[in-house]
Amino acid sequence: MNTEIILETKLVGDITGKFFIPSYQRGYRWGKEEVTRLLDDIYQNGKKNYCLQPIVVKKDDERYELIDGQQRLTTLYLIYRFMKNANSMFFPEPAFSITYQTRDKSGDFLSNIDFSRREENIDFWFIANAYETIKVWFEVDLQIRVMHIFEYLKENVKVIWYEVGENEDAISLFTRLNIGKIPLTSAELVKAIFLSRDNSVVIDKEKQEEISLQWDNIEKELHHDKLWYFLTNSTNRDYQTRIDLVLDLISGKPEQNREKYYTFFKFDEMKKVYALDDIWRKIQQTFLILKDWFEDHEYYHKIGYLIASGTMTLQKIFDLSKDKTKKDFRSSLDSLIKDSIAIKGNYSELSYEKPQDHRKISTLLLLFNVESVRQNGQNSEWFPFDKFKYNRGNKVVWSLEHIHAQQSEGMRTQEMWKEWLFLHIPSVRSVGGNQDELLQAMSDAIGKTKLERAEFDGLQQKVVELLSVKGNTEYLHSIGNMALLNSSDNAALNNSTFDVKRNEIVSMDKNGQYIPFCTKMVFLKYYTPSEANQLHFWGQADRIAYVEAINRVLSKYLSAPIILEKEDS
């Protein structure tokens with residue numbers, strides 16, 4: 001970043017000087033909506049401090065080249081012009097002027113609005129319409145509004161004043177900020193605080209270069225997805241630069257706050273109280289705390305789970321850690337984890353058939369996966385939060401899936417029915433016995449031009465009976481028959497029996513697709529004792545072993561063990 005920057009917040013009432021719009025920019029183009037929104041925002045904010053987006057300028061002799069912010073500054077000029085015209089005895093002339101490098105008449109029209117000339121050119125038309133919008137807005141309550149707006153602009157409303165050095169390529173910067181639609185970020189503005197040539201704050205050039213290098217290194221490290229997706233569920237769409245995450249933690253930015261420059265304003269206030277060296281050390285220390293959590297096996301899994309499950313934000317965890325010993329912090333994390341899966345009643349009452357239970361079951365299974373990885377081996381296994389959350393930049397959506405399905409939920413088309421039959425042919429063939437008649441019927445149905453629902457339902461029932469362990473079906477929607485799977489639009493696969501899903505899981509694993517640890521273990525029959533193992537089925541012995549594993553791994557967090565309902569003999 002250029003170190004010839006002057007960066008400050010400046011009251012609108014303190015803006016003075018001559019501004020010119022360079023030839024590479026188009027003229028004023030704000031319409032009624034933008035002008036009204038600006039006035040409404042200023043008026044409704046009242047006496048609270050309020051900051052407009054950056055005004056980017058470059059000093060050129062005794063004038064400022066206005067690189068970015070033309071629309072806002074021109075509208076502010078028109079507001080001042082209207083107030084002066086409304087009461088010339090009380091309100092002064094605007095303290096700044098605006099001219100155009102190649103459109104002299106537009107500058108004259110701006111300072112002396114003549115509606116009879118509105119149609120002469122496009123600049124006149126937009127300027128006149130904006131002035132008319134301002135007039136209509138004020139005339140709702142003229143005396144009150146002009147007094148308040150004048151006061152607010154003088155005492156409460158600020159702009160971010162971003163003045164670049166004389167060697168800055170103004171056209172390149174304008175292109176980036178306007179044509180490229182890449183605005184100045186809070187992080188860039190905070191960085192500019194350290195690299196500014198503002199004489200009121202002195203940091204020598206060597207220190208500035210050191211900060212710039214270290215800043216870039218932090219940004220680079222945060223671009224490692226293993227670290228980034230441990231810390232947050234957000235993508236680059238939420239953070240234009242990843243160091244914003246660290247700066248937001250320091251500023252204490254509320255999760256729901258959408259004010260674009262909230263963090264910059266907080267740092268701008270901090271520099272009035274603390275030395276810049278101290279602020280920079282705070283940034284470094286905060287990042288190192290996050291790195292320490294990432295590299296600590298226990299912190300990584302417990303904090304990572306709380307964030308991934310949506311139980312806690314990084315900001316809340318960061319605030320919780322302040323002024324706590326490591327022992328107390330670990331205890332607090334354990335309490336939060338226990339609370340995250342706490343339910344009223346017995347865990348065995350959780351059911352997929354109750355929509356309100358879906359999140360509870362999903363959260364419990366996510367914790368089971370994370371804790372299984374954490375407890376597996378000598379701290380050598382790490383749950384991959386990056387793979388769990390995103391795949392090639394796309395958010396992964398996990399859903400609760402029946403390990404063994406016996407229904408045809410969501411299967412309404414012939415294509416789905418035929419695909420379901422096709423997927424189950426290998427499993428029917430592998431169970432043994434004489435299944436020739438059933439296999440032939442399935443094959444015939446797949447080949448039909450029109451497959452009737454009744455015929456499919458009959459075949460499906462026979463296949464499910466063949467591939468299911470005999471007994472009641474009360475278990476079907478309990479946690480003993482649920483796993484986390486990548487959400488799919490493939491209704492045929494979602495409604496498949498255990499053996500078909502097992503084959504698909506094995507195929508996905510061979511192709512390198514991420515499958516949660518416990519989901520993979522379920523379909524590999526990891527939890528089931530060998531003497532009770534039936535490769536093609538998901539039966540009572542499997543469910544008991546699965547639930548016992550959940551009870552064992554999560555014993556520290558479950559208020560009571562999960563009880564599996566018994567089947568009829």
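**Burial, ring pairs and sheet**

User: Is W280 buried or exposed?
Analyst: A residue is called buried under 20% relative accessible area, exposed over 50% and partly exposed in between, using a 1.4 Å probe and protein chains only. W280 has a relative accessibility of 1%, so W280 is buried.

User: What kind of model is this?
Analyst: Residues are numbered from 1 along each chain as its sequence is written, and side-chain values use heavy atoms, with hydrogens and water left out. Local features need pLDDT of at least 70, side-chain atom pairs count only at pLDDT 80 or more, and totals for chains, interfaces and linings use all residues, since this is a predicted model.

User: How many aromatic pairs does the structure hold?
Analyst: Rings of Phe, Tyr and Trp (its six-membered ring) pair if their centres lie within 6.5 Å; planes under 30 degrees apart count as stacked, over 60 as edge-to-face and the rest as tilted. The number of aromatic pairs in the structure is 42.

User: How are the rings of W215 and W280 arranged?
Analyst: W215 is buried too, at a relative accessible area of 5%. The ring centres of W215 and W280 are 6.2 Å apart and the planes are at 15°, so the pair is stacked.

User: How far apart in sequence are the parts that W215 and W280 tie together?
Analyst: Helices (H or I, at least four residues) and strands (E, at least two) are DSSP runs, numbered from the N terminus. W215 belongs to helix α8 (residues 205–222) and W280 to helix α12 (residues 276–295). The pair therefore ties together parts whose separation in sequence is 65 residues.

User: How are the rings of F498 and F523 arranged?
Analyst: F498 is buried at 0% relative accessibility, and F523 is buried with a relative accessible area of 1%. Their ring centres are 5.3 Å apart with planes at 10°, so the pair is stacked.

User: Which residue in β6 is the bridge partner of E8?
Analyst: β1 and β6 (residues 157–164) pair in the antiparallel sense over 6 bridges. In β6, the partner of E8 is W161.

User: How far from the ring centre of W161 is the charged end of K10?
Analyst: A charge sits over a ring if NZ of Lys or CZ of Arg is within 6 Å of the ring centre and within 35 degrees of the ring normal. The charged end of K10 sits over the ring of W161, and its distance from the centre is 3.8 Å.

Note on methods
Pairing = 2+ DSSP bridges.
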